[in-house]
Amino acid sequence: MRKVRLYTSQHLASNSELELDDDTRHYAFNVLRLNKNASLYLFNGDGFDYCCKILNCNKSKVVVKITHQQQLNTESKLGIQLYLGISKSSHMDYAIQKTVESGVSTIQPVLMERTVTKVSQKSFRNKHQHWQRIIQSACEQSGRAVLPVLFDPCELDQIEHIKKQECGLLFDASAKQSLNIIRDKKPDTVKLLVGPEGGLAENEVNHLMDRGFQTVKLGPRVLRTETAAVAAVITTQLLTGDMLE
C-alpha cells in the first residue's frame, strides 16, 4: 500500500492530537478521500515523519492522533546550492520540482540579462508562493523531510564569491571542461549555476568567473534550461554526493 505523506506547517509532536489546517484537511479528505482510522504520515520540515491515525474525518474537520515520530535519512551529505536563471513558468516549475526530488539544498532564482519572464515584485511574491508549494509537493513524493530553502529572486551581481571548501560551476555549452572536474575537489558545498532559456551573456560569464565560478559543460548536446538544471544536480550527486553510498 502506498505511503501517504502530507506536508503541514503546523507544530507536530508525538502522542498528541491535531486538527489539520485547511489545506491539508482538504487534500486528505477531498483528494485522497481518507477515512476514519486510516493511517498517514505528516512532516513539517524538521527532519522527521510523524505517523498518524485519523480519529475524525469529514469535509469540515480532520483530527489525527500522532502516535510516534521517525527520523529520516534522505538528505544528501553534499550541500548543492542551485542558482537558477528565471525561465518561463512551466520550465521553472519542472526544474524546481525535479531538482528538489534529486536532493538540492537551496534554490536561488536569478534575474539575468536574457531572462524572458519580466514580472513585477507582486508577481514574484505570487511566484514564490507557487514555487514553495511545488517544493512541498516534491518533498512529499520523494520522501524528504527537510524542505530545501527557496530564496527570493536576486540579480546576477548579488551572487557572492566562491569560498574555500566550495566549488562553483557555471554551465556553458561552449566550455572546454566537463562536470567531472569536481571528482578531485571533494567540496563540502557545490554551487551550480544554470542560465535562462537564452543562456548567459558573455559579460555575465566573465563576471561569474571573476567570482570564482568555473565553466563546465554537461556533454556535446545543448540542453534546455530545465533539463540542464536536473541533469546538473543528478550528475553532481552521482560524482560526489549520496548516490555513491
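Visitor: Which side chain makes a polar contact with the side chain of Q237?

Guide: That would be S76, with the two side chains in polar contact at 3.2 Å. Keep in mind that this is a predicted model, so the distance comes from predicted coordinates. As for setting, Q237 is found in helix α5.

Visitor: Is Q237 buried or exposed?

Guide: The general idea is to check the relative accessible area, where buried means under 20%. Q237 has a value of 0%, so it counts as buried.

Visitor: OK, on to cores. How do I read one?

Guide: Think of buried nonpolar residues joined through their side-chain atoms. Here the largest nonpolar core has 35 residues, and L84, I96, V100, I135, L169 and L192 touch the most other members. At least two residues of this core come from each of β6 (79-85), α2 (89-102), α3, β10 (166-171), β11 (189-194) and α5. The top contributor is α3, with 6 residues.

Visitor: Which residues does I96 touch, leaving out those up to four places away in sequence?

Guide: I96 touches L84, I107, W131, I134 and I135.

Visitor: And what does the second, separate core include?

Guide: That core has 17 residues, among them L6, L18, A28 and V64.

Visitor: Now pockets. How much space lies in the largest pocket?

Guide: The largest pocket holds about 570 Å³ of space. Its lining has 20 residues, and Y7, Y27, Q136, S137 and E140 lie nearest the centre. The elements giving two or more residues to that lining are β1 (5-7), α1 (22-31) and α3 (121-142). Helix α3 gives the most, with 7 residues.

Visitor: How do the lining residues of that pocket divide into nonpolar, polar and charged?

Guide: For the largest pocket, you get 5 nonpolar, 8 polar and 7 charged.

Visitor: What about the second largest pocket: how many residues line it, and which lie nearest its centre?

Guide: There are 22 lining residues, with F171, D172, A173, V222 and L223 nearest the centre. The space in this second largest pocket comes to about 440 Å³. Its lining divides into 11 nonpolar, 5 polar and 6 charged residues.

Visitor: Which helix gives the largest share of that lining?

Guide: Helix α5 (residues 225-240) does, with 3 residues.

Methods: Residues are numbered from 1 along each chain as its sequence is written. This is a predicted model: local features need pLDDT of at least 70, side-chain atom pairs count only at pLDDT 80 or more; totals for chains, interfaces and linings use all residues. Side-chain values use heavy atoms; hydrogens and water are left out. On a 1 Å grid over the protein atoms alone, a cavity is a set of points where a 1.4 Å probe fits but cannot get out, and a pocket is an open set with protein on both sides within 12 Å along at least five of seven lines; lining residues have an atom within 4 Å of a point. Grid points are joined across faces, edges and corners, and a volume is the space filled by probe spheres set on the points. Helices (H or I, at least four residues) and strands (E, at least two) are DSSP runs, numbered from the N terminus. Ala, Val, Leu, Ile, Met, Phe, Trp, Tyr, Cys and Pro count as nonpolar, Asp, Glu, Lys and Arg as charged, and the others, Gly among them, as polar. Buried means under 20% relative accessible area, exposed over 50%, partly exposed in between (1.4 Å probe, protein chains only). A polar contact is a pair of N or O atoms within 3.5 Å; within protein, one must be able to donate a hydrogen and the other to accept it, and residues adjacent in sequence count only if both atoms are side-chain atoms. A nonpolar core is a set of buried Ala, Val, Leu, Ile, Met, Phe, Trp, Tyr and Cys residues joined through side-chain atoms within 4.5 Å. Contact means heavy atoms within 4.5 Å.
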